[in-house]
Every structure is written in structure tokens, then in C-alpha cells.
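Here are my notes on this one, point by point. Have the structure open while you read.

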Amino acid sequence: MPAPAACTASLAQDWRAGGFALYVHWPFCAAKCPYCDFNSHVAAVIDQGRWLAAYRRELARLGRDTPGRVLNSIFFGGGTPSLMAPETVAGVIEAARAAWPFANDIEITLEANPTSVETGRFRAYADAGVNRVSMGVQALNDDDLRRLGRMHSAAEARAAFDIARDCFTRVSFDLIYARQDQDRAHWRRELTQALGMAVDHLSAYQLTIEPGTAFGARHAKGGLRGLPGDDLSADMYLDTQDICAAAGMPTYEISNHARPGAESRHNLVYWRQGDWAAVGPGAHGRLTLPTGRWATEAHRAPGEWLDAVEARANGDSAREILDLPDRALEYLLMSMRLVEGLEIARYLAHGAKLPQDRLMNLSELGLISLRDGRLAATPAGRPVLNAILRELAE
Ligand SMILES: C[S@@+](CC[C@H](N)C(=O)[O-])C[C@H]1O[C@@H](n2cnc3c(N)ncnc32)[C@H](O)[C@@H]1O
Ligand code: SF4
């Protein structure tokens with residue numbers, strides 16, 4: 001059934017509830033970590049000038065597609081964007097500014113690996129306009145860092161973190177838990193130590209064994225012994241919530257914790273279903289244009305993406321219009337990751353339904369809360385979010 005006209009008009013502006021951001025994918029790493037299935041590649045030679053020219057071309061195209069937007073955030077993700085030359089980062093930021101006016105409080109984040117090679121560039125990134133760094137610390141002991149195939153020690157990660165604090169007002173870091181042979185006491189100690197050095201934001205991800213990675217292959221052959229089971233992983237998840245909250249960095253999204261006000265504005269654009277332009281190999285974007293809301297996807301292989309941009313002035317391999325049920329489902333799946341949850345009126349405006357009997361059941365089980373026009377998972381509901389979503393999406 002088509003949406004009524006008033007609803008269609010409000011849906012054309014729906015992205016404004018989340019804001020507008022730019023994602024820039026840098027697809028290279030110094031080495032491939034055995035657990036990682038991100039679109040990242042090891043390359044002997046990278047022509048940074050050629051990459052910058054391609055990003056510029058893409059940004060000019062996307063700017064033409066989205067006139068009148070104000071940019072709230074830029075995120076350099078990867079791969080390892082801290083392998084980008086500072087001039088490349090500066091050039092991308094300059095091209096973004098030519099495409100859209102920047103919000104006064106624009107957040108510009110760059111993902112960094114904590115090795116000495118990268119920290120030497122931090123000051124230059126700050127001069128280029130980067131105001132937030134997200135560092136992949138992953139673990140705080142050398143044995144586990146080695147097992148994760150990382151190229152830095154715990155001491156190097158700490159040193160890199162101190163340099164990041166000097167160069168940027170906002171610093172986040174990633175940790176991976178539920179690692180081989182890790183028990184609850186170990187994780188609690190490590191997380192408490194990590195919070196001792198935290199600035200304003202921390203992402204704690206449960207190790208997932210992804211098919212197509214080195215860990216995936218080892219696991220399939222019966223290797224990688226000592227991984228925590230579901231119950232222990234769930235306990236570690238609950239410990240993470242408690243310890244982060246006690247340290248003044250409560251959970252605001254399933255895996256993310258921040259001092260109030262220091263949440264990642266960029267990721268909030270995704271979770272609140274704003275619009276984001278995306279450039280670089282494999283990057284996915286969402287853009288609401290006069291013709292509807294589009295999902296964009298760029299060529300995944302770095303060489304193919306470069307060739308496409310250079311030959312056809314467009315790095316996208318696919319562009320698909322999202323229908324209302326798709327949009328509603330995306331809003332449900334993304335917003336329910338947030339502690340603030342989903343805005344019910346906004347969800348219903350997509351023509352979606354919230355079955356009362358299921359809401360009642362979930363609420364009686366203490367898994368969801370319904371308050372101030374919002375639906376959210378409770379602390380008890382967050383570890384079983386996927387089950388809640390299955391109930392609500394059907
Ligand atoms: C694009 S990567 C990180 C940026 C940077 N290249 C680095 O490794 O430090 C983003 C984050 O995803 C997390 N991650 C990647 N693969 C993961 C997996 N299989 N399980 C859990 N977390 C993972 C890591 O914490 C990583 O820092
Ligand atoms: S975790 Fe980071 S450094 Fe390691 S392969 Fe993935 S993107 Fe590259």
C-alpha cells in the first residue's frame with residue numbers, strides 16, 4: 001500500500017532526525033589481522049596522489065547530488081587511515097568543504113593503529129582538521145596482542161594513546177574481548193585498566209570469528225581452542241556495561257560507551273538513520289534524494305574502484321532505491337542498538353506496525369521499555385537484542 005502524501009513528504013525529510021555525514025574508506029593496512037573481515041588490503045606501493053584525485057572527484061559528484069546540505073561529521077575508516085599521508089587527509093577534508101558547508105561543531109574522526117609510525121603523523125592530522133581519533137588498541141597484554149596478530153605491543157599502544165591525547169581533544173579506542181583463554185576476572189581487570197587511560201569514548205567488541213578470515217579457517221579445522229562459550233561471553237558483556245557505567249562512561253550503543261555528550265556523532269548518524277555520503281572502495285552510503293532514499297555501494301576492490309572513478313567519474317557499483325518496508329526495517333535494526341532506542345511515531349510513519357501483544361510480552365519480561373514515545377531495549381534486553389528484533393520485525 002503506498003504511503004499517504006503527507007507521510008511521503010515527511011519521509012523526504014526523515015534523514016534530518018539523524019543528520020548528514022561523510023564516510024571515507026581507506027582500504028590499506030600494513031598487515032592483515034587474522035580476525036578481520038573489513039575491506040582491507042596489503043599493498044607494496046600506494047600512489048597517494050592518485051587516491052586523493054579520485055576522492056576529490058567522488059566528493060565533487062556527491063556534492064552536486066546533495067545541494068543545500070550541512071555536513072555534521074567526516075569519518076576516515078578502513079583499513080588503516082593512519083597510513084594516509086597527512087596531505088591526502090587534508091586534501092579530502094578540503095574537497096568535502098568545497099562540496100558542503102561544515103557544521104560549526106563538525107566532528108572529523110580518523111581511525112588509527114597504535115604504532116610509532118602512525119603517531120608521528122598525529123600532529124599533522126590535527127593541523128589538517130581531524131579533531132577525533134579512534135585507536136585500535138584491542139588488548140592490553142602482549143601475548144594476546146600477538147595472538148590477535150597485532151603489530152604493536154601494549155606499551156606502544158599506551159604511548160600512542162598519550163600522544164593522541166596531546167594532539168586531539170577527543171580520543172576513542174577499541175578493545176576486543178571474549179578472546180582465547182580469557183576469563184571474566186581477566187577481562188574485568190583489563191577493562192578497568194583501560195578505563196584508567198580512557199579520555200571520552202570506548203568501543204568494546206566481542207571477538208567474532210568471521211568466515212573467510214585466517215581465524216575463520218583455523219576455527220573450521222578445530223583450532224582456536226579456549227574461546228569463551230555463549231554464557232561466559234554474555235557475562236563479559238554484562239561486566240562491560242557495569243564497569244563502564246561505574247567509570248562514568250555508560251553504554252549508549254550495544255558496543256559503545258562514552259562520557260555523556262562525547263558519543264560518536266558520526267555513528268549516531270547511522271544509528272539514527274540520517275543520510276551519509278560514502279567514498280572509497282566498498283563504502284556503503286544512504287542518500288535521500290528527490291527520487292527517494294538510495295542505498296549506494298562502491299566497487300570493493302581498490303584497483304576497480306580507482307579505475308571506475310577515473311574512467312567514469314563514479315566509483316559506485318550499485319545504487320538501489322529503498323522501499324518503505326526496507327527503510328522501516330533499517331530504522332528498527334539500527335536505532336534499537338541505541339540506549340535511547342526508536343522513536344515510535346517516526347517508525348510508524350514508515351507504514352510499519354508494532355504488534356501490541358508482542359510489545360506487552362517483551363515488556364513483561366523486562367526486555368524493553370516504552371517511554372516518552374520511544375521504544376528501547378533495557379539493560380536486560382540488550383544482550384538478547386537479536387531475539388527482540390526478530391519478534392518486532394515479523
Ligand atoms: C576497521 S577496524 C580498525 C581500525 C584499525 N585498522 C585497527 O585495526 O586498529 C575497526 C575495529 O573493528 C574491530 N574488529 C575487527 N574485526 C573484528 C572481529 N572479528 N571481532 C571483533 N572486533 C573486530 C576491532 O576492534 C577494530 O579496531
Ligand atoms: S583490524 Fe585494522 S589493521 Fe587489522 S586488518 Fe582489520 S582494518 Fe587492518
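1. What volume does the second largest cavity have? It comes to about 30 Å³. This is a predicted model, with pLDDT of at least 70 needed for local features and pLDDT 80 or more for side-chain atom pairs, while totals for chains, interfaces and linings use all residues. Residues are numbered from 1 along each chain as its sequence is written, chains are lettered from A and ligands numbered from 1 in the order in which they are written, and side-chain values use heavy atoms, with hydrogens and water left out.

2. Staying with that cavity: D14, Q273, R293, R327, Y331 and H350 line the second largest cavity. By class, that lining has one nonpolar, two polar and three charged residues. (Nonpolar is Ala, Val, Leu, Ile, Met, Phe, Trp, Tyr, Cys and Pro; charged is Asp, Glu, Lys and Arg; the others, Gly among them, are polar.) On terms, a 1 Å grid is laid over the protein atoms alone: a cavity is a set of points where a 1.4 Å probe fits but cannot get out, a pocket is an open set with protein on both sides within 12 Å along at least five of seven lines, and lining residues have an atom within 4 Å of a point. Points are joined across faces, edges and corners, and a volume is the space filled by probe spheres set on the points.

3. How many cavities of 30 Å³ or more does the structure hold? There are two. The largest cavity has a volume of about 60 Å³, and its lining is made up of D144, R147, L148, R179, Q180, L207, F215, L224 and L227. Five of these lining residues are nonpolar, one is polar and three are charged.

4. Now the second largest pocket, which holds about 380 Å³ of space. It is lined by 22 residues, and A12, T288, L289, P290 and G292 are the closest to its centre. Two or more lining residues come from each of α1 (5-12), β10 (284-289), β11 (292-298) and α13 (324-335). (Helices are DSSP runs of H or I with at least four residues, strands are runs of E with at least two, and both are numbered from the N terminus.) The largest share is three residues, from α1. The pocket lining as a whole splits into ten nonpolar, seven polar and five charged.

5. On to helix packing. The axes of α2 (residues 48-65) and α3 (residues 86-99) come within 9 Å and cross at roughly 15 degrees, so α2 is roughly parallel to α3. (Axes are lines fitted to C-alpha atoms, for helices over the stretch in contact, with angles from 0 to 180 degrees between N-to-C directions; under 35 degrees counts as roughly parallel, over 145 as roughly antiparallel, 65 to 115 as roughly perpendicular and the rest as oblique.) The crossing is right-handed; that means the near helix is turned clockwise from the far one by less than a right angle, with anticlockwise being left-handed. Contact, meaning heavy atoms within 4.5 Å, involves Q48, L52, Y55, R56, L59 and G63 of α2 with E87, T88, G91, V92, E94, A95, A96 and A99 of α3. These contact residues are seven nonpolar, four polar and three charged.

6. α2 also packs with α12 (residues 302-312), with axes that come within 10 Å and cross at roughly 55 degrees. The angle therefore makes α2 oblique to α12, and this crossing is left-handed. On the α2 side, R50, W51, A54, Y55, R57 and E58 meet P302, W305, L306, D307, V309 and E310 of α12.

7. R358, L359 and L362 of α15 meet I388, E391 and L392 of α16; four of the contact residues are nonpolar, none polar and two charged.

8. Two backbone spots to check. The G78 to G79 peptide bond is cis, with omega near 20 degrees, and G79 sits in the loop between β2 (71-78) and α3. Q138, in strand β4 (residues 132-138), has a positive phi of about 70 degrees although it is not a glycine.
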